[in-house]
Amino acid sequence: MRILAAFGGHDASATIVNDGKIEYYFKEERYNRKKHSLGLDNIFKVLFEKNLLEGIDFAALVSLDPQDVMDQRRLILRTYNPNIKFVSTDRQHHLFHASNAFYNSGFDKALTIAIDSSGAYLDDHTFESESVYIAEYPNKFTPVLKKYWTTRHRNIIKERNNCKYICNSINDIINIGNLYNSAALCIGQTVDDCGKAMGLSSYGSSIPWMDLSGSNAKHHMTKYFEKYPDILWALSSNEKIKTFILEITDQNYKFFADYCYEVQRHCQDKVIEIVNDCVEETGVKKVCLSGGYAMNIITNYELVKRFPDVQFYFEPVCDDSGISTGAAMNIYRNVTKDKKIYPIQTTSYHGVLHDVSQYTGETVNVKDIASILYQNKSVGVFYGHAEAGQRALGNRSILFNALNSNAREIVNQIKKREWYRPFAAMVLEEDAHLYFDDVVPSPYMTVCFPVKSDIIPGVTHVDGTCRVQTVSSGHMYDVLQEFKKLSGHGILLNTSFNLAGHPLVETPDEAFNTLNSSSLDYLWFYETKQLFKSTF
């Protein structure tokens with residue numbers, strides 16, 4: 001059975017699930033080259049051009065678009081496949097976040113937590129913020145906790161069917177997602193750039209008088225930024241600062257980093273409280289996290305450390321990019337009642353395969369690539385399907401020598417990123433304990449760990465941590481093995497193959513464009529073993 005789900009909202013995407021497994025996945029931004037794009041125009045074009053609608057049994061359009069737009073999309077789909085049956089998915093945003101994580105986790109039963117700034121809406125004023133379900137096969141999601149925020153002046157707590165429902169006025173208590181967004185807004189970024197604020201938070205320290213956890217939050221934020229009316233406007237409107245450009249420099253960063261630190265701390269404490277209370281209440285010790293906040297690798301590590309008896313799964317495609325996948329998986333289980341578990345195998349399933357055979361460069365092998373990296377040169381890797389999420393894991397990656405003390409500065413210059421942003425490490429799974437404390441297998445780069453070795457300054461953040469990708473097989477495993485023969489260390493810097501503000505590279509032409517418009521040294525097509533040098 002084939003299920004199509006398409007999400008036309010923020011981080012628009014479409015997924016085709018075939019007998020419980022992801023068959024195709026598309027993200028709008030990879031085609032129009034605008035990060036976090038809305039709309040489905042380019043995705044639909046690919047679906048039509050590749051004849052992928054044939055054999056689709058059920059379809060769902062998950063969107064907040066006007067009814068006439070939804071009707072038009074249904075009509076278009078039926079034109080190509082008149083037998084498609086449409087499924088209603090009204091107001092199930094957090095359920096689809098939860099479904100994506102649970103069905104990928106490999107757990108048979110789990111607490112599944114979705115946290116973001118604004119999920120489904122109850123009305124024009126009230127939105128989901130945090131949801132906890134007990135998830136079981138084939139398709140049972142029993143709510144344990146549902147939190148909402150509203151622009152109205154009301155605070156409601158009630159319990160029904162063993163689920164606690166909490167609705168707070170945004171004017172009184174700021175939910176986790178919106179509080180997290182505020183850190184990005186205060187440094188002149190958009191709400192899509194919370195990862196930048198998370199990186200800057202490590203440069204900050206505590207503000208003793210600041211309390212962002214309760215009814216004092218708005219007052220304390222206003223007091224802190226009273227000399228910055230433009231920031232206060234951004235925080236109140238949830239929009240990027242428009243009246244001036246705020247640049248975080250090594251001279252002015254401390255004021256902003258301290259606020260980011262407080263936001264990180266308060267959000268983290270709230271998430272830990274949710275996990276603790278729900279595990280204690282239900283006795284379920286398998287926990288999945290999804291929703292945009294689940295990309296917070298610092299909180300993820302704190303959860304692993306604080307709850308050693310709990311098994312965690314952090315969904316790698318946890319932001320709204322995964323809504324279509326969660327919807328398709330949920331519908332498949334609901335229709336078929338299939339109880340078979342299909343744990344995640346890879347995130348490299350975006351788009352269609354691209355033919356690179358027409359490109360001829362220098363023929364190299366894995367040993368040659370390791371040697372280039374050992375000589376402190378950067379290599380962009382292009383292989384197979386692109387990764388679905390924001391984390392590149394070797395199919396669309398830029399690699400560099402993590403042993404180089406100047407690695408961060410060099411690669412930030414390549415990527416044209418902010419100076420304070422850290423980089424991740426790709427490491428042989430069997431060697432990860434040599435460099436990191438408390439490390440557990442982390443193949444999807446969803447957790448950071450304390451660095452215990454001074455041999456990898458290029459990937460060690462200012463707080464002494466590093467986001468880690470453990471590698472146990474595949475082409476990157478071979479590269480790491482060869483690099484270890486040269487350097488004695490099976491570890492490399494790994495970052496996504498894109499420049500700042502641009503989506504992940506999708507096509508060979510985009511890979512060449514990045515190579516020749518940046519200080520990246522080489523491009524490597526793994527399938528054909530062809531290497532190309534920059535003309536920049």
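Me: Is Phe141 buried or exposed?

Reply: Buried means under 20% relative accessible area, exposed over 50%, and partly exposed in between, with a 1.4 Å probe and protein chains only. Phe141 has 13% relative accessibility and therefore counts as buried. Tyr103 is buried too, at a relative accessible area of 2%. The model is predicted: local features need pLDDT of at least 70, side-chain atom pairs count only at pLDDT 80 or more, and totals for chains, interfaces and linings use all residues. Residues are numbered from 1 along each chain as its sequence is written, and side-chain values use heavy atoms, leaving out hydrogens and water.

Me: How many aromatic pairs does a search of the whole structure find?

Reply: Rings of Phe, Tyr and Trp (its six-membered ring) pair if their centres lie within 6.5 Å; planes under 30 degrees apart count as stacked, over 60 as edge-to-face and the rest as tilted. The search finds 38 aromatic pairs. Among them, Tyr103 and Phe141 are edge-to-face, with 6.0 Å centre to centre and 80 degrees between the planes.

Me: Which parts does the pair of Tyr103 and Phe141 tie together?

Reply: Helices (H or I, at least four residues) and strands (E, at least two) are DSSP runs, numbered from the N terminus. Tyr103 lies in helix α4 (residues 93-105) and Phe141 in strand β9 (residues 140-150), so the pair joins parts 38 residues apart in sequence.

Me: Where does the charged end of Lys529 sit?

Reply: A charge sits over a ring if NZ of Lys or CZ of Arg is within 6 Å of the ring centre and within 35 degrees of the ring normal. The charged end of Lys529 sits over the ring of Tyr526, 4.1 Å from its centre.
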